Amino acid sequence: MAAAGSVKKSEEEWRAVLSPEQFRILRGKGTELRGTGEYNKLYKEGIYNCAGCGTPLYKSTTKFDSGCGWPAFYEGFPGAINRTPDPDGRRTEITCAACGGHLGHVFKGEGFKVPTDERHCVNSVSIKFAAAAADSSASL
């Protein structure tokens, strides 16, 4: 995993390596439309990495169906995700600790039956799925 704050690029460098939609969400703190993300209903074994820098963020075993319309996880890899309260105090933004890319928001105390009582509501555009070795070789 990349060290916290270790991936630094200029706005121009980010624009060169990200799609316009990835740039809007990861760098501009945007949100993809509810229910449109490619990983919302994906439940395969593997790792979800930051789409900006490749840092591992979530194990697939921490993903759950919250019904919110975005991929939901109950915890990330230790040290991989930063939390920053929004100015209005209603939500807490989550970002990649390595590159600062916007992932989404984390919510607590919603009553989901998960070990942490948290829901990391993540934009699919902000992450890239890497299938576990068994999943990737299953089609051979």
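Rings of Phe, Tyr and Trp (its six-membered ring) pair if their centres lie within 6.5 Å; planes under 30 degrees apart count as stacked, over 60 as edge-to-face and the rest as tilted. This is a predicted model: local features need pLDDT of at least 70, side-chain atom pairs need pLDDT 80 or more, and totals for chains, interfaces and linings use all residues. Numbering starts from 1 along each chain as its sequence is written, and side-chain values use heavy atoms, without hydrogens and water.

**View 1. Aromatic pairs around Y48.** Six aromatic pairs turn up in a search of the whole structure. For Y48 and F73, the ring centres are 5.0 Å apart and the planes lie at 70 degrees, so this pair is edge-to-face. Y48 belongs to strand β1 and F73 to strand β4 (residues 72-73), so the pair ties together parts 25 residues apart in sequence. Strands (E, at least two residues) and helices (H or I, at least four) are DSSP runs, numbered from the N terminus. Y48 has 0% relative accessibility and therefore counts as buried. Buried means under 20% relative accessible area, exposed over 50%, partly exposed in between (1.4 Å probe, protein chains only). Y48 also pairs with F129, tilted, at 4.9 Å centre to centre and 50 degrees between the planes. That pair links β1 with β9, 81 residues apart. Ring pairs join Y39, Y48, Y58, F73 and F129 into a cluster.

**View 2. The largest nonpolar core.** A nonpolar core is a set of buried Ala, Val, Leu, Ile, Met, Phe, Trp, Tyr and Cys residues joined through side-chain atoms within 4.5 Å. The largest has 23 residues, and Y48, L57 and Y58 have the most contacts inside it. Elements giving two or more residues to this core include α2 (20-27), β1 (46-50) and β7 (102-108). Beyond its neighbours within four places in sequence, L57 is in contact with residues including Y48, F77, I81, L103 and I127. Contact means heavy atoms within 4.5 Å.

**View 3. Helix α2 and its packing.** The buried residues of α2 are Q22, F23, I25 and L26. They pack against α1 (11-17), β7 and β9. K29 follows α2, with a positive phi near 60 degrees.

**View 4. Lysines over rings.** A charge sits over a ring if NZ of Lys or CZ of Arg is within 6 Å of the ring centre and within 35 degrees of the ring normal. K9 lies over the face of W14, 5.1 Å from the ring centre. K63 lies over the face of Y43, 4.0 Å from the ring centre.
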